[in-house]
Amino acid sequence: MKPQELRKMLQDVGKLSLGLLPTPLQEMPNAAREMGAATAYVKRDDLTGLGPGGNKVRNLEYILGDAARMGADTVIVSGPAQSNLCAIAACACAKTGLGCVLVLNGQENPAMTGNLLLDRLTGAEVIYLGPVKKEERNAYMQKVKADLEAAGKRPYVIENGASTGYGAIGYMDALLELDMQNNSLKNKVKSIFIPAGNGGVAAGLVFANDLIGRPFQIVPVSTEFTKPELTGKMRSIIAEAEEILGVPFASDMEDACHITDEYYGGGWGIDTKESRKAVEQFAKLEGFYIENIYTAKTFVGMCDCVKKGIVDKEGVCFWHTGGFASLFAQY
Ligand SMILES: *Cc1c(COP(=O)(O)O)cnc(C)c1O
């Protein structure tokens, strides 16, 4: 389908406008030289303009659109102590007048560093569960929800770290935004490198790219899961988006994108030798920051794929998803 047709479909879903969009698409001449690319670009989704910025602003535009349609008055969201999602959701709630409950790992009275400080400043209610697993946090969110309902509130739970059908639709929208910017650049961007945690961002980009005829080669760089695991997660998020939009993803994941799981090392939040070096190097090259959990691993993957010839040396685009605040807790 044509990009305009997809844009119309997304408009019909409806979102809450939270971000400062479109984000800039900039050239990265110094990074390009360093990685041996002819031309390199960065899509600055670290500058989405709400709270500390980052990809979760786009996810939340559609997720909170859903919450508004359901008449919610309070949002419940959970994550690790340095969750970027939780910090940004707290800002989104402050801005739109929603109550906000964050269910976090971490102990009572933690050092107010990185996102924890930002969480506190928004006035969100923060509940610390200690070092429990995701499943336990999810169960606790359901308990908070039941308690709020019993008190006459209308709570809305954000599931799966915002990597849901609605969350992914935020990135379908983003793909159309990049496509439009790229048209005015005479289509110089050819490939996109994107971090993939739970795979919501990647799912949205891949689905939209596929629907409009694959103008880009997309490389999701896994920051946590093996390729088969991530593929499964992206498939189920796309299935949710298909359901919302009423349009099928008619391709094989293998054809629609190039998932790589070679760069995550010890897993989520554990830096690698290469990611650490990339963090140190990057700010010296381009004058803005990447961090160890998502963006540095993606940048390492991008350099390696350019070197190995997996993508063309022309027009590689690094999709910066933010995470700036968590950098303070990584050193
Ligand atoms: C959440 C997050 C991601 C990963 O998004 P998924 O949709 O879970 O794959 C990437 N980068 C940053 C900075 C994030 O906060």
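These legends accompany close-up views of the ligand site and the pockets in a predicted model.

View 1. The side chain of N84 places an N or O atom 2.9 Å from an oxygen atom of the ligand. G199 takes part through its backbone, with an N or O atom 2.8 Å from a ligand oxygen. At T321, a polar side-chain atom sits 2.6 Å from a nitrogen atom of the ligand. How much of the ligand's area does the protein bury? Of the 390 Å² that the ligand exposes when taken alone, 97% is buried by the protein.

View 2. The ligand takes up space in the largest pocket.

**View 3. The largest pocket and its lining.** Now for the pocket itself, which contains about 670 Å³ of space. Its lining is made up of 34 residues, and those closest to the pocket centre are P80, G161, N198, W268 and Y294. Which elements give two or more residues to this lining? They are helix 3 (56–69), strand 3 (74–79), helix 4 (84–96), helix 6 (134–150), strand 7 and helix 8. Helix 6 provides the largest share, with 4 residues. By class, the lining of the largest pocket comprises 19 polar, 10 nonpolar and 5 charged residues.

**View 4. The second largest pocket.** Let's move on to another opening, the second largest pocket, with about 350 Å³ of space. Among the residues lining the second largest pocket are E34, M35, K273, E274, F299, V300 and K307. Helix 2 (29–35), helix 11 (273–286) and helix 12 (295–307) each give two or more residues to this lining.

**View 5. Residue classes in the second largest pocket.** A last look at this lining sorts its residues by class. The lining of the second largest pocket has 6 charged residues, 5 nonpolar ones and 1 polar one. K277, D304, A278, C303 and Q281 are also found in this lining.

Definitions and conventions: Residues are numbered from 1 along each chain as its sequence is written. This is a predicted model: local features need pLDDT of at least 70, side-chain atom pairs count only at pLDDT 80 or more; totals for chains, interfaces and linings use all residues. Side-chain values use heavy atoms; hydrogens and water are left out. A polar contact is a pair of N or O atoms within 3.5 Å; within protein, one must be able to donate a hydrogen and the other to accept it, and residues adjacent in sequence count only if both atoms are side-chain atoms. Accessible areas come from the Shrake-Rupley method with a 1.4 Å probe; for residues, only the protein chains shown count as cover. On a 1 Å grid over the protein atoms alone, a cavity is a set of points where a 1.4 Å probe fits but cannot get out, and a pocket is an open set with protein on both sides within 12 Å along at least five of seven lines; lining residues have an atom within 4 Å of a point. A molecule sits in a cavity or pocket if more than half of its atoms lie within 2 Å of its grid points. Grid points are joined across faces, edges and corners, and a volume is the space filled by probe spheres set on the points. Ala, Val, Leu, Ile, Met, Phe, Trp, Tyr, Cys and Pro count as nonpolar, Asp, Glu, Lys and Arg as charged, and the others, Gly among them, as polar.
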